[in-house]
Amino acid sequence: MSAVQQDVRIQDLFPPLQPPRRYLFGPGPSMVHPRVYEALSKPIVGHLDPYFIQVMGDVQQLLKMAYGTRDGATLVISGTGSAGMEASVANFVEPGAKFAVFANGYFSDRITEMAKRHSADIVRLEKLWGETFTDDEAVDFVRREKPKVVAYVHAETSTGALQPGQAICAAAHEIGALVIADCVTSLGGIPVDFDRTGMDVAYSCTQKGLSCPPGLSPMAISQRAMGWLRARTSPVRSWYLDLKLIHDYSTVSHRYHHTAPISMFYALREALLVIAQEGIDNRWEQHRRCHQSFVKGIEAMGLRMHVPEGHRIATLNTVCVSNGVDEAKVRKRLLNDAGIEIAGGFGPLAGKVFRIGVMGPLATADNVQFFLKEFGKALKAEGYSG
């Protein structure tokens, strides 16, 4: 076979990338802002280059706006949101330490599993998926168990439920405990209020409310937690996720720790700039209005939301599946007919809910109406009469 024939054969087997056009109305990844795509195309420099060090500094400063912190340290883990979760556990939950988890969804179960692997003494306060904890329940649990570290999921992707954290944090601080908050589905789309809530450690991702590709996990760490970290004497079991080393590389000495994904930092910087220029309060208000419009349209179809009003995540909606409707067939029809991606439930909610994200570039009045129209058509085609 000649070189020309070989080249033709390879092109036949592996044609140029042409991803289908999708409207990402699922729980993540979300649509990427055009400016972020442009940033990804910029030439890379070395991970110790002064230009890249400046980019990391810019990202850390912009993250303070997104998290709602003035005093907290911000840094970025080279990995997805689960890397931020594991970094939080590995650095702040020492072997044998009592670790209290507010468990009401898949991601509280995931952080529990990580803590098990780090040999924590785990206690859990459990509720059904989609329910939230009252202030009294939170305070009673923390005071009774007296853990070293407390964890809760601020915005639970598996259920669409938003958990207030002020009472959890206040009770934890009362007994000298640290608080870890999962903000994967909240950062950039709804207020996190890191300082005001009293969080000590928060982690998130890039591919949801920040409208950026997946690949990084932005974190915020209180001065209290940074002091605890500096005072820790036992080695962190994960070298790669050792926050003292990462903080030193990204903020202090800039000594080599790992080869950071330069292009993704470009992307995150641009995504945060888009939010800053839009105005963070304006962005939250836009998502809130779109959520209200979405719920109004869903209820007009005769459908209902899984999470009660007042406890819902504005960017991630869980819609109950009506009797006789096959949610997998509805999702497949939406994808094939309109290029719309949404997700179903899993765990106890498998087959019972649609998980529908309205965030980032899709959080506009026109896009909400576009989705509702196509969703209604897909439901009707699959036998839903309303």
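Reader: What keeps the sulfur of cysteine 169 from a bond with the closest cysteine sulfur, in cysteine 183?

Author: The two sulfurs are 9.5 Å apart, too far for a bond. A disulfide here is a pair of cysteine sulfur atoms within 2.5 Å, and a search of the whole structure finds zero of them. One caveat: this is a predicted model, where local features need pLDDT of at least 70 and side-chain atom pairs pLDDT 80 or more, while totals for chains, interfaces and linings use all residues. Residues are numbered from 1 along each chain as its sequence is written, and side-chain values use heavy atoms, leaving out hydrogens and water.

Reader: Why is cysteine 169 called buried?

Author: Buried means under 20% relative accessible area, exposed over 50%, partly exposed in between (1.4 Å probe, protein chains only). Cysteine 169 has 0%, so buried it is. Cysteine 320, at 9%, also counts as buried.

Reader: How do you know that glutamate 38 and lysine 42 meet in a salt bridge?

Author: The rule wants a side-chain nitrogen of Lys or Arg within 4 Å of a carboxyl oxygen of Asp or Glu. Their N to O distance is 3.5 Å, so the pair passes. Glutamate 38 is partly exposed at 45%, and lysine 42 is partly exposed at 42%.
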